[in-house]
Amino acid sequence: MSNIDYKEVGRRIAKRRKDPGLKQYELCERLDVYYKYISNLETGCSAPSLELIMKLCDVLHTTPDYFLVGAESLLQLDKRILSKAESLSADNKGLLDGIIILMLSRQNK
């Protein structure tokens, strides 16, 4: 059985938090934990409980696998992309649709 690298877990938490532009205090509010705790997690000074890992997954839209071993399921990636696309303006949704069509045509060559 391999040991969990909590510094790496912390880096993944920080990356996932920063992707949507969340500040540490905003994540703390959503998780109902103290600011210092998130800071300690992100630097690898503290190990998250299983309960907190599950809360992080819910708030940051990922799976425990991502935090613990760095793996993300394609389903989770699809959900994350869809979530971001839903918040776009109508004009940007049209632009995104065109980009996807272009990418698919290049992929199918």
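Visitor: Which residue, with a positive phi near 80°, follows α3?

Guide: This is a predicted model, in which local features need pLDDT of at least 70 and side-chain atom pairs count only at pLDDT 80 or more, while totals for chains, interfaces and linings use all residues. Residues are numbered from 1 along each chain as its sequence is written, and side-chain values use heavy atoms, leaving out hydrogens and water. Helices are DSSP runs of H or I, at least four residues, numbered from the N terminus. The residue after α3, with its positive phi near 80°, is Gly44.

Visitor: Which residues of α3 are buried, and why do they line one face of the helix?

Guide: Buried means under 20% relative accessible area, exposed over 50%, and partly exposed in between (1.4 Å probe, protein chains only). The buried residues of α3 are Ile38, Ser39, Leu41 and Glu42. Seen down the axis of α3, these residues line one face because they fall within an arc, taken from the directions from the axis to the C-beta atoms, of 160°.

Visitor: Against which helices do the buried residues of α3 pack?

Guide: Packing is judged by contact, that is, heavy atoms within 4.5 Å. By that criterion, the partners of the buried α3 residues are α1, α2 and α4.

Visitor: How many salt bridges does the structure hold?

Guide: A salt bridge places a side-chain nitrogen of Lys or Arg within 4 Å of a carboxyl oxygen of Asp or Glu. One of them joins Arg11 and Glu8 at 2.6 Å, N to O, and these two residues lie three residues apart in α1. Lys15, Arg16 and Asp19 are linked in a network of salt bridges. The number held by the structure is five.

Visitor: Is Glu51, the salt-bridge partner of Lys55, buried or exposed?

Guide: The side chains of Glu51 and Lys55 meet at 3.9 Å, N to O. Because they are four residues apart in α4, about one helical turn separates them. Lys55 is partly exposed at 36%. Glu51 has a relative accessibility of 57%, so it counts as exposed.
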